[in-house]
Amino acid sequence: MRKVYTIGEALIDFIPHEIGVPIDEVVSFKKMPGGAPANVAAAVAKLGGESSFIGQVGEDHFGYYLRGTLAAIGVDVSHMQHTNQANTALAFVALKDDGEREFVFYRKPSADMLLSPEDVKGISFKPMDILHFCSVDLVEADVKYAHHEVIRKIKKAGGIVSFDPNVRKSLWDDLAAYQQTIQQFLPYSDLLKVSDDELAFITGLESEEAAIQYLLEQPISLLIVTRGKQGATFYKKDLEVFVEGYEVKAIDTTGAGDSFVGAFLSRLSKLDKHISQLTKEQLMEIGKFAHATAAIVATKEGAIQALPSLSEVQSFMDRV
């Protein structure tokens, strides 16, 4: 079984007690572990895969809480560092009635942003290992160049690179620079996952068809366009596969997309083949499994704490 590495932010999501209330009117929040790359690593481990989180948190209560949470699930935290130069990142979340979210981030800077290329030089990868990253930590800070370093290393080792931009416009003062940065990292990706509402921003093209074609012209092996409960479409150069989603009553969609990615990568890590070799039948099977995982997460609060076990996902798929 191949190992799945993720790099980027681990943070605290403060989830509101009140639903359907704007964030400036929320009275109280509850602490939840989160951060997209951390969520993906946790999902892989929870579903029976082998994962490792690369990142940095503060030397504070929140940082050690995150470390303990990931370790308890089975994530390798040997590449998770602590610093006293900045605090662990925080994200305050407001939830709409349909489970969709509004974010306010506290990270100017946060500990994750200070992870440097020097900090990751000792990490080694094996052929066909998988590295996953998002765009939140591609801001102009040390951590952006730590990403460059680990991507270079895993490419040299013959591994697979997975990229989910996971667009968070509120973290960038210059949206044109944000779009350009995402586009600069696209060619490094073997696997690219985007949601349908991110296509226009990432590509600069309003037509969904044109945006998808633009992404398919990148040197990627597999493009996944997710559409929430409506399903997802998997694109290879010579293949297009649509997989339906599951209809559930969403409580909190925080981490649902990350759990989809984690479920997909957990399945991929157990196959002795490159993603370019996945068949239509395999994409259908993995896609249904990923949708089921995400559907379960959306019916619970939080991201990491909502993750189901492998047996829970299988039971869910048997019932529906």
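Modeller: For a protein of 320 residues, a compact globule would have a radius of gyration near 20 Å, and the 18 Å found here agrees with that. The model is a predicted one, and its C-alpha trace spans about 50 × 45 × 40 Å along the principal axes. The protein has 10 helices and 13 strands, and 58% of its 320 residues count as buried. Among contacts with a separation of 6 or more, 70% are accounted for by residues 24 or more positions apart, while the exposed surface comes to about 13000 Å², with carbon and sulfur atoms supplying 49% of it.

Glutamate 9 is buried and yet has no salt bridge, since the nearest side chain of opposite charge, that of arginine 107, is 5.4 Å away, whereas a salt bridge requires a side-chain nitrogen of Lys or Arg within 4 Å of a carboxyl oxygen. The side chain of glutamate 9 does, however, reach the backbone nitrogen of alanine 36 at 3.5 Å. Leaving aside neighbours within four places in sequence, the residues in contact with glutamate 9 include Gly34, Gly35, Ala36, Pro37 and Ala38, and also Phe53, Arg107, Asp112, Val136 and Asp137.

Note on methods:
Residues numbered from 1 in each chain as written. Predicted model: local features only at pLDDT ≥ 70, side-chain atom pairs only at ≥ 80, totals over all residues. Heavy atoms only, no water. Buried < 20%, exposed > 50% of the residue type's maximum accessible area, 1.4 Å probe, protein only. Lys, Arg positive; Asp, Glu negative; His and termini not counted. Polar contact = N/O pair within 3.5 Å; in protein donor to acceptor, adjacent residues only side chain to side chain. Contact = heavy atoms within 4.5 Å. Helix = DSSP H or I, 4+ residues; strand = E, 2+ residues; numbered from the N terminus. Rg over C-alpha atoms; globule rule 2.2 N^0.38 Å. Areas by Shrake-Rupley, 256 points an atom, 1.4 Å probe, with all protein chains shown as cover.
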